[in-house]
Amino acid sequence: MTQLATSLVSGLTPAHLRFLEGLFPGEGLTVAPAEMAVYGADSSRRAGMPWAVVRPRTEEQMVELLRWAQAEGVPIVPRARGTGMSGGAVPAFGGVVVSCLLMDTVLDVDSEDFCAEVEPGVVTAQFQALVQKRKLFYPPDPASLKISTLGGNVATCAGGMRAVKYGVTRDYVLGVRAVLPGGKIVNAGGRTHKNVVGLDLARLFVGSCGTLGIFTKLTLKLLPLPEGSATVLAAFGSLGEALEGAREVFRAGILPTAMEFLDAKACWGIGQIKDVPWPASPDGEGATKAVLVLKVDGSRSALAAELSRVEGALAGSTPLCLLKGLGPAEEEPLWELRRLVSPAVFRLGPDKLGEDVAVPRGRTVEAVEGFQAIGAEQGIHVVCYGHLGDGNIHVNIVYDAADADQRARAKACKEAVFRLTLSLGGTLSGEHGTGITKGPYVPWQLGEEERALMAGIKGVFDPSGILNPGKGW
Amino acid sequence: MPPDSPDRRECVLCGCCLEGCPLLEATGREELSPRAKALLAGPSKFDAARLAEGDVAALTGLCLACGRCEKLCPQGVQVPALMAAMRAAHPDFRQWLWKQWITRLGPYWSLAAKGAALAPQAFVDTFVPAQFGLALKGLKGLRPGNGLAPWLAIAAFPVQAFRARYGDRPVALFDGCVGRGPRAAWGETARLLLKGLGAHLAEPRFSCCGSTLGVAGLPQEQAQARAENIAAWREAGRPLLATYCATCRKGLADYAGPGADGGLFADEAEAAAWAASLVPLSALLEGAKAKAGRGAPAIVGYHRPCHAEAADHDFRLLSSLLGPRLRTPAGGGCCGFGGVMQLSAPELSARVGASCWESLDTALGFSAAPEVTPAYVLTGCSGCVMQLLATAPRGARVGHWLEIIRQK
């Protein structure tokens, strides 16, 4: 984990507070602990109490804030909706939390340039709905899209189910305007879809977890909206058959928009919440051991034929059941089942460690079978599901945190999962980021040289180390 | 312990609730979100000594109790109920204010109902604190004679369907505080509609539904109101219970809902019978035919109350009666009434109200030419009517859908 800069202050003085009151009048500043508490927590369930919370409305306020913070050595923690899974927005070492939610204007949507300019606090799903009205498409779809923001998505390089075909947030960021510590404004990238002049600073900001600068404007790439989509859900008697089916789909030359899988425990958990279309008995002949959900998109006239081709590709793996949906009304119930997996996991136990490792796509079977074996060995429920198409596997380690022994075994499980992932040539995090929950494990994956290079880059952007200290790498 | 037992309903900070919270949407202030409240109400991750009880109580008071978050929560956390419990546990001046409002302003409601001037100014100056401003504005709007002029005649009632479904089972109408008080006309029209269906009317003496009392952190008063209503229903032979206020309907359904006091009913069968007897008046009227007469506006807006049941029978009925004349914003939108909020934080409540009118405007387009198509909005909840009246743009007309129905 990053060494904290020694020049940082350990709390705010009355003079500091007077400064903040002047820069953020009225509702712009909060210092009451009860009101600040939520700004100290995120979906990782980690928490720390901010020293103060500010809500800039303008870039000028952001510039003044970062000029002051660098001069005074005050840690600054940028934040949007706080839905990250790894504690990236948690002020683990104190500091002033900067809520970007009042900067939430869509500045421009241009159907000729195929790009949009937005402020960081715009909610992703609301943005998608807005561009869709103009027959445009912003593909990144993290599971949190209805509750998270574009600023947060860019800061974490959020992924999603459509990554297999459309890529992740990184692939849609054309330009970033950000304020750096000291108050400098940088404009990285621009509105062009191609750009090779200089180093790619815009992409450097993507996934930097608020450690390099605070965004004030993002320029995003848009696509033409596909005319329609269709979905197939199929259940299999073994994980191997499901994965073989998935391979056949690719061999047939089909690139699905999304290709998700659920393992046996995930299927069981969902069956506890809702009536499921697959054979639900947990064991024995004909039991469901894995489910695949695939989506394809394109022109409406071609979709029916595409569905038949997917069905044909899966036939060799003898699915126990196969359901098809054409158009949103028929597809939605199938995807609803997939979305239930996260709450369903809590049917197996009260606490979970949610990991999101990724492996080279050809090693997915080995990885999932290995993770399941690790769970069996430790006597802990390990549930695997996720983005089969791109090798990004959600590994949920379910346990009871009140039991010290289970806590220890869960941690052992997590570390074994990480080791196996790395041995397969994978990465510790495909889309959640390392934040504070995975920060300590980063040296397992990144060598000394690479980490020194990253620390050097961080030093160029933020020489005093005030931005989101203790996060990342 | 099974994950769905109430003790296990712990917020996991996933943030799914953030999608629906009208207060967060209108203010961008995360501390007003359901997640912030669940964090404070749950096992604290923070040193309790740093969180002053008064501050916690004050913050948790800022909840609209619209219930949108609990519909989105995968863990089944009920933030409005948590907030009510906290209000009950930390009585502060806001709760005191609310209690005054409900218990002492009773005569005031009936003054209004009698068509007197709303209240003598001296009474207002003496007893009504400045904070009641927004609520008073809503109440003023409810003045008898201030309602919408009726323009819709029911041409045919679904008598056969009603008879086939319910036979001779008597029907009791639950009027609620507004329908029994300042807008007694709602109750009169509702009774005429039931007669049109050929229903046998039972007339038990019901009390307040108790919903707002619970939200205000007055659990004893709520329990008493609930017990009185169940007793009245029982005495009347357990009739069908028709409602025309979405919040009353939800308030009554909560008697037998998750987390309710199991001692209210004789046994589970009676609780189930209560739940099964509840029906929106609009559902009974499904299939009715109507004719719009003179004075019918070209565009009629519909505001969906947060407490409307999933099927939203009011909307279904109005759609079938009014056809393309009826419009509603796609995403809905909370009006910001929020029980205590109109009193405890009128400024926030008004801000949510303003967002609501903005989204109504996108569907109705009244701001483009207010003199040609002034805003005309119907809804099916007393609280929404009050709040929409209090926050309406100039010239807007707002009322319960019962108001547009001709009594002859």
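Me: How far does helix 14 of chain A reach from its first C-alpha to its last?
Reply: In this predicted model, helices (H or I, at least four residues) and strands (E, at least two) are DSSP runs numbered from the N terminus. Helix 14 of chain A covers residues 404–423, 20 residues in all. The expected span of a helix is 1.5 Å times one less than its number of residues, and the 28 Å expected here is close to the reach of helix 14, 29 Å.

Me: Which residue follows helix 14 of chain A with a positive phi?
Reply: At the start of helix 14, a side-chain oxygen of A:D403 comes to within 2.9 Å of the backbone nitrogen of A:D405. After helix 14 comes a residue with phi near 85°, A:G425.

Me: Which helices and strands are included in what covers the buried residues of helix 14 of chain A?
Reply: Buried means under 20% relative accessible area, exposed over 50% and partly exposed in between (1.4 Å probe, protein chains only). The buried residues of helix 14 are A:A410, A:C413, A:K414, A:E415, A:A416, A:V417, A:F418 and A:T421. Their cover in chain A includes strand 16 (351–355), helix 13 (364–378), strand 17 (381–387), strand 18 (392–399) and helix 15 (442–445).

Me: What area do chain A and chain B bury between them?
Reply: Contact means heavy atoms within 4.5 Å, and 30 residues of chain A are in contact with 33 residues of chain B. Buried area is the accessible area (1.4 Å probe) that two parts lose on being put together, summed over both. With 59% of it on carbon and sulfur atoms, the area buried between chain A and chain B is about 2,800 Å².

Me: Which residue of chain A meets B:R351 in a salt bridge?
Reply: A salt bridge is a side-chain nitrogen of Lys or Arg within 4 Å of a carboxyl oxygen of Asp or Glu. The rule finds 4 salt bridges across the interface of chain A and chain B. At 2.6 Å, N to O, the side chain of B:R351 meets that of A:E27.

Me: Is B:E309 buried or exposed?
Reply: B:E309 lies in the loop between strand 7 (300–302) and helix 18 (313–322) of chain B. Beyond its neighbours within four places in sequence, B:E309 is in contact with B:R249, B:P280 and B:R304. Because its relative accessibility is 16%, B:E309 counts as buried.

Me: What pLDDT do local features need?
Reply: Residues are numbered from 1 along each chain as its sequence is written, chains are lettered from A and ligands numbered from 1 in the order in which they are written, and side-chain values use heavy atoms, leaving out hydrogens and water. Totals for chains, interfaces and linings use all residues, side-chain atom pairs count only at pLDDT 80 or more, and local features need pLDDT of at least 70.

Conventions: Polar contact = N/O pair within 3.5 Å; in protein donor to acceptor, adjacent residues only side chain to side chain.
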